[in-house]
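Subject: Structure for your review

Dear colleague,

Please find below the structure that I am handing over to you. I would be grateful if you could read the notes under it with the coordinates open.

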Amino acid sequence: LAGPPALPVVTKTSKPGDYPAVRASIADLLDNDNYDDGSYGPVLVRLAWHASGTYDKKTGTGGSNGATMRFGPECEWAANAGLAVARGLLEKVKAEHPWISYADLWTLAGVVAIEQMGGPVIPWRPGRVDDADGSRIVPDGRLPDATQGAKHLRDVFHRMGFDDRDIVALSGAHTLGRCHADRSGFVGPWTNAPTTFSNLYFQELVNNKWKPKKWDGPLQYEDKTGTLMMLSSDLALLSDRTFRKWVHLYAKDEEAFFKDFSVAFGKLLELGVPFPQQPAA
Ligand code: ZEM
């Protein structure tokens, strides 16, 4: 006699390695009319960036590998305020695809968000391995400070291995999303289309007269309607002669921005990740 009938395997989980299925799950949860400007896309991009932007080229420490932001103290760094929203959201995707590492998931979510919001295709490959206990957390202070200028931006981004052109291209991500008083202390969006990836950030930067906002909060700048904002670090891209050249190019030529952003963002997400084969140079 046969044994008891096999229980039906009720599983919504995908096959290991089915990245298209993970992408579909991420794309599925982006839109939500009750959140911010209607999309979780911007905060997912910020998670991918902050997970990666701790990299230090000299010591090979930091970067997206490990997904160390799951642990304290990194999850409590002031710079990471608000990113629990993004990490929490992605738990749903992790439950459907338990085989993917958090480090791969967080970076892939940034890629899918940018693509879904109308941005360029970003080169992405898996291979990140989660840190077991947060022992690879780096000291706080490696992410950029919005109150500072060109020298600070160079210190931070050159440390990761980026050049001046990359700094400007990557900053174009501020075409997305907004500042939140309860996260960074700053308020407002950089553009009037914060859920569409475009070169609008550079156009707004160039075409407005930016004046310090009169308020009790930290120094930020506003356009003459008071609806759009810039951080001191954003305006540094205009006042620095080398940065300014790229700002003007990207304001005029969206294709050039998309191309440069795609390369730089793809590189950012791979900093410090020991892939079995290095990409072709
Ligand atoms: Zn940001 N960023 N960023 N950034 N960022 C904010 C929001 C977003 C800086 C910064 O201090 C801030 C890059 C570079 C730099 C995004 C992506 C990328 C906020 C507002 C601040 C204060 C946070 C809040 O209150 O929620 C500084 C100083 C940078 C140096 C150049 C790079 C590079 C990015 C990606 C490639 C995104 C998408 C947001 C919007 C997040 C959201 O929740 O809407």
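This is a predicted model: local features need pLDDT of at least 70, side-chain atom pairs count only at pLDDT 80 or more; totals for chains, interfaces and linings use all residues.

Domains. The domain assignment divides the protein chain into domain 1 (19–142) and domain 2 (150–261). Their C-alpha centres are 21 Å apart. Domain 1 contributes 21 residues to the contact between the two, and domain 2 contributes 17 residues. On the side of domain 1 that touches domain 2, the largest share comes from α2, with 6 residues. That side of domain 1 is made up of 9 nonpolar, 7 polar and 5 charged residues.

Ligand. The shell around the ligand draws residues from both domain 1 and domain 2, so the ligand lies between them. There are 24 residues around the ligand, of which Pro42, Ala146, Ala173, Gly177 and Ser184 come nearest. Two or more residues of the shell are given by each of α2, α6 (164–171) and β1 (178–179). Helix α2 gives the most, 5 residues. By class, the shell holds 14 nonpolar, 7 polar and 3 charged residues.

Helices α2 and α4. Helix α2 (residues 41–52) also packs against helix α4 (residues 102–116): their axes come within 8 Å and cross at roughly 140°. The two helices are therefore oblique to each other, and their crossing is left-handed. From α2, the contact involves Gly41, Leu44, Val45, Leu47, Ala48, Trp49, Ala51 and Ser52. From α4, it involves Trp106, Thr107, Ala109, Gly110, Ala113, Ile114 and Gln116. This contact has 10 nonpolar and 5 polar residues, and no charged residues.

Helices α1 and α4. Helix α1 (residues 19–28) packs with α4 at an angle of about 60°, and the axes are 9 Å apart. That angle makes α1 oblique to α4. Here the crossing is right-handed. Val22, Arg23, Ile26 and Ala27 of α1 meet Leu108, Ala109, Val112 and Gln116 of α4. The residues of this contact comprise 6 nonpolar, 1 polar and 1 charged.

Taken together, Ala109 and Gln116 of α4 take part in the contact with α2 and also in the contact with α1. Helix α2, for its part, contributes to the side of domain 1 that touches domain 2, to the shell around the ligand and to the contact with α4.

With kind regards

Terms used:
Residues are numbered from 1 along each chain as its sequence is written. Axes are lines fitted to C-alpha atoms, for helices over the stretch in contact, and angles run from 0 to 180 degrees between N-to-C directions. Helices (H or I, at least four residues) and strands (E, at least two) are DSSP runs, numbered from the N terminus. Angles under 35 degrees count as roughly parallel, over 145 as roughly antiparallel, 65 to 115 as roughly perpendicular and the rest as oblique. A crossing is left-handed if the near helix is turned anticlockwise from the far one by less than a right angle, and right-handed if clockwise. Two residues are in contact if their C-beta atoms, placed from the backbone, lie within 7 Å. Ala, Val, Leu, Ile, Met, Phe, Trp, Tyr, Cys and Pro count as nonpolar, Asp, Glu, Lys and Arg as charged, and the others, Gly among them, as polar. Domain bounds come from an automatic or database domain assignment. A residue is near a molecule or strand if its C-beta atom, placed from the backbone, lies within 6 Å of it.
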